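Morning, everyone. Please have the viewer open while I talk.

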Amino acid sequence: MTSTTPHGERVYQPRRQGREGLALCLSGGGFRAALFHLGAARRLHELGILKQVTTLTAASGGSTIAAHLANTWRHWKNGPSVFPAAHWERQIAAPFRRFTSHNLSTPPSLKGWLPWNWSNNAGIDALATACEERGLCRRTVHDLPDRPRFMFCASDLLSGSQWIFEKASDEPWRVATAVAVSSCYPGVFRPFTRSKPQHIALVDGGVDDDRAVEPVWQTHKFVLVSDGGDVLRPQWGESLWWSLIRSALVVWNSMQVVQKRWLLANFTSGLMAGAYWGIDSAPVHYQLDGGPTYPGYTPALARDLIATIRTNYDVFSDAEAAVLENHGYLLAEAATRTHLAAERQEAPLQIPHPGWMSEPKIREALGDSSRQVFLGRGALHALLRPGPSIVPD
């Protein structure tokens, strides 16, 4: 067997020495992923893990909840060890659910495609303004805390690499701009472009690294990955347009599968320490032989219904938000109990929405949740009214 070369270790493996800190990576996937991450963050806070996070990375939809956590970090970082569930609900969870209950992207995306706006960033600027008007985060990246280090990931089409907005950035980017650029899905938004001081053409962070693991996998001692990203489903079409779009999706999905296998292989081999939970998984998958039973939704419900919920910035109902938050909460509990037991403190389960644990009830309420609606379910309301505001920190 050929031994690993110094170059191979330096480029393709985590550092053997000097890895420090705990990273939390929040994937893309629109409001679906953001609500899923909201539940995971709630459980991580109860377990005392969220306070230990030294770096928080996010792409696309994950950037929205990351910005909200950045805006409210004093509540969960510097407060009591674990504040009551009612306080988390009032200060963090309920305001963010209100943010996802109205269409966010339709007016900005339409503005960006107007012919007289093709040469500027009007669409993305409008999306950033909409985020600020709803109180998501009205700061610049230079106002972000030192710890945890927040990193908002986008993709640069010119270099083919990741672009990161963070406190160490040379420019005082608005956090809302970082969220908007990280979330500007190609085809819905035009790229964010600029020629000075350097040429950039930025799009959705999920194009390059949907799980936002690239900034941290080599350098951090522990890596936690919350994955609410899209899952490719069988689909039939006959048009040339369908074949082109579908081919691109197959390539993107293959990249996601390879990255997931690589990530889990590093965990199981001991090269990396941490945990991964994905929206199409279930707590039962984390149970050990002879170990305790983990509560949560069934694999069939997670795979066939929850993981098919649309991944956009459209209106999300109370039922959809409740199920996604529960799912993230219970998966984070199962994954950390199995793979990160030494880093967590014991805390009783306080399922965010216990009334939404019945599978028949969920199947009835979410039966239409995968359907995409042209311009969005809340398009007319979004055009007439901007939506509710999060009370800023």
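First, the ground rules. This is a predicted model, where local features need pLDDT of at least 70, side-chain atom pairs count only at pLDDT 80 or more, and totals for chains, interfaces and linings use all residues. Residues are numbered from 1 along each chain as its sequence is written, and side-chain values use heavy atoms, with hydrogens and water left out.

Start with the core. A nonpolar core is a set of buried Ala, Val, Leu, Ile, Met, Phe, Trp, Tyr and Cys residues joined through side-chain atoms within 4.5 Å. Buried means under 20% relative accessible area, exposed over 50%, partly exposed in between, with a 1.4 Å probe and protein chains only. The largest nonpolar core has 84 residues. Which of them touch the most other members? Leu69, Phe152, Phe165, Leu224 and Trp277.

Look at Phe165. Leaving out residues up to four places away in sequence, its contacts (heavy atoms within 4.5 Å) include Val141, Phe150, Trp173 and Leu202. There is also a second, separate core of eleven residues, with Phe267 and Tyr276 among them.

Now the serine. Ser27 sits in the loop between strand S1 (22-26) and helix H2 (30-46). Helices (H or I, at least four residues) and strands (E, at least two) are DSSP runs, numbered from the N terminus. Is Ser27 buried or exposed? Ser27 counts as buried because its relative accessibility is 0%. Beyond four places in sequence, Ser27 touches residues including His37, Asp210, Arg211 and Asp227.

Next, helix H12, residues 318-339. H12 has 22 residues and spans 31 Å from first C-alpha to last, close to the expected 32 Å. That expected span is 1.5 Å times one less than the number of residues. H12 is mostly covered, with 18 of its 22 residues buried.

Finally, the spaces. On a 1 Å grid over the protein atoms alone, a cavity is a set of points where a 1.4 Å probe fits but cannot get out, and a pocket is an open set with protein on both sides within 12 Å along at least five of seven lines; lining residues have an atom within 4 Å of a point. The largest cavity is lined by residues including Asn117, Phe189 and Arg190. Helix H7 (residues 122-133) gives the most to that lining, three residues.

The largest pocket has 49 lining residues. Tyr185, Val188, Asp230, Thr311 and Gln372 lie nearest its centre. H10 supplies the largest share of the pocket lining, eight residues.
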